[in-house]
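The tour goes stop by stop.

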Amino acid sequence: HLNPVYTIGWQIEEMMPAHGMARDKARARTLQLLQRVGIPEAESKIDAYPHQFSGGQRQRIMIAMALALKPDILIADEPTTALDVTVQAQILALLEELQEETGMGLLLITHDLGVVAEVADRVVVMNSGEIVETGTAGQIYSDAKHPYTQKLIAAVPGTGEMATPLEASKPLLEVNGLAKHYGDFVAVEGASFTVLPGESVAIVGESGSGKSTLAKTLLRLEEATAGEALYLGRDLVTISPRELFDLRREVQMIFQDPTQSLNPRMSVYDIIAEAFVIHPEIIPKAKRRDRVAELLSYVGLEPGHMQRYPHQFSGGQRQRIAIARALAMEPKLIICDEAVSALDVSIQAQVIELLAGLQDQFGLSYIFIAHDLPLVRDFAHRVVVMQAGRIVEQGPVAQIFDDPQQEYTRELIAASLSPDPEIQAERRRAQMEGVA
């Protein structure tokens, strides 16, 4: 993890002098690494702090730190989980390039089968602490032997039917010209879109494109610079704190990083039941434990673990706890900020099925921020594409995926990885022919 009180440049170059590198050369090496992992304006950002970067950018900084001393073996534990598809492609290409240059061995831990197909020579499949199957990427994908491996392959998103657009109705949320500036920096500018009752609207774009800032501005976790966000006619940007408090029951958010969003000093029970303490009218005190157990079961966790603390769970399990917390308030609109990015494909499929089932049952609406385009294709009704803080394209999911109008949208879709090694090989051949 990055230390929040030190600049990212200092943290990357910290270990280099201890291995015989002069300070000035360590600084130059750090700048080179930041540029290679795609940090924009690296010369000025080298002295910035971790909180000044997006989640995906912080992951890139961690990769730069791991590469600083040119290791012989690199253990990469979900190195591209927080990254959008275009930056993911850049990072994977960088890792492959470094392997060719240095002969470095790469042990890649991932739940993304598209990443496996792209980079792996051999695959090891684990379940419940045991290795259940090994083989090449092609063997695992096309001829899986173990039931667990077959289950993983079957759960891969992007192969189902796309959702039919909903009929026009009065919007649940209507965003008009929303903007968020930090001094001279424009994080979001002129964002306008609607969310209908029972609709899933996906927001996609590169890391740092303004997706999370837009979500936080809608919830007043950040104050808008301009524009309006009308939730059932009430402007979330300008309503009083009391009105906003009441609306928090109806509009919830699942954050990108559960390590940061879950209080490490509270048990899982206290984290989820806190909503009932703040809003006691939701569930009587005598029934709260049963409700927490029910919510944990919804997201695939053991109810008997409710007295454990967040550090006793894996990253994917912590994200499921965060989802259960959001569901506790029985909201009408849930903003999901990379809500399933930390989950393996089988659990991801379960959670998406759960969200879809709740949508059908209760008419829930979702703003679904994601970089996993196959997942968006399966789950969303409409897609909003953001680039550099602005919406560049939006429309029904079929239109965006089958007939994108903007070059940037086409690049995002083209960068999405398939779990089929043959498709990936064909994609690479097409890229090479394009370069030639």
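Select P396 to begin. This is a predicted model. P396 touches P165, H381 and R382, leaving out residues up to four places away in sequence. Now show the C-alpha atoms of P396 and H381. They sit 6.0 Å apart in space, although 15 residues separate them in sequence. Colour by secondary structure, and P396 falls in strand β14, residues 390–396.

**Next: S365**

Select S365, in strand β12 (residues 365–369). Is S365 buried or exposed? S365 is buried: its relative accessible area is 1%. The S365 side chain reaches the backbone nitrogen of G198 at 2.9 Å. Then display the contacts of S365, skipping neighbours within four places in sequence. They include L172, V195, L196, P197, G198 and E199. K332, L333, I334 and Q359 are also in contact with S365.

**Next: the nonpolar cores**

Select F276, F368 and V376. Within the largest nonpolar core, which has 59 residues, these three touch the most other members. Now centre on V376. Beyond four places in sequence, V376 touches A202, V204, F368, A370, V383, V397 and F401. Another core lies apart from the largest one. This other core has 29 residues, among them I203, A215, L218 and L333.

**Next: helix α13**

Select residues 288–298, helix α13. Which of its residues are buried? They are R288, R291, V292, A293, L295 and L296. Show α12 and α14 (315–327) alongside. The buried residues of α13 pack against both of these helices. Step past the end of α13 to G300, where phi is positive, near 80°.

**Next: the α4 and α5 pair**

Two packed helices are described by the angle between their axes and the distance between the axes. Select α4 (residues 55–67) and α5 (residues 85–102). Their axes come within 12 Å and cross at roughly 5°. That angle is under 35 degrees, so α4 is roughly parallel to α5. Show the side chains at the contact. From α4 come R60, I63 and L67. From α5 come V87, I91, L94, L95 and L98. By class, the contact has 7 nonpolar residues, no polar ones and 1 charged.

**Next: T30**

Select T30 in helix α2, residues 23–36. T30 is buried, at 0% relative accessible area. Leaving aside neighbours within four places in sequence, T30 is in contact with G9, I12, E13, M16 and I46.

Select E41, in the loop between α2 and α3 (42–45). Its phi is near 50°, a positive value in a residue other than glycine. E41 has 57% relative accessibility and counts as exposed. Finish at S128, in the loop between β3 (123–127) and β4 (130–135). Phi of S128 is positive too, near 55°, and S128 is not a glycine. S128 is exposed, with a relative accessible area of 72%.

Conventions:
Residues numbered from 1 in each chain as written. Predicted model: local features only at pLDDT ≥ 70, side-chain atom pairs only at ≥ 80, totals over all residues. Heavy atoms only, no water. Axes fitted to C-alpha atoms, helices over the stretch in contact; angles between N-to-C directions. Helix = DSSP H or I, 4+ residues; strand = E, 2+ residues; numbered from the N terminus. Parallel < 35°, antiparallel > 145°, perpendicular 65-115°, else oblique. Contact = heavy atoms within 4.5 Å. Nonpolar A, V, L, I, M, F, W, Y, C, P; charged D, E, K, R; others polar. Buried < 20%, exposed > 50% of the residue type's maximum accessible area, 1.4 Å probe, protein only. Core = buried A, V, L, I, M, F, W, Y, C linked by side-chain atoms within 4.5 Å. Polar contact = N/O pair within 3.5 Å; in protein donor to acceptor, adjacent residues only side chain to side chain.
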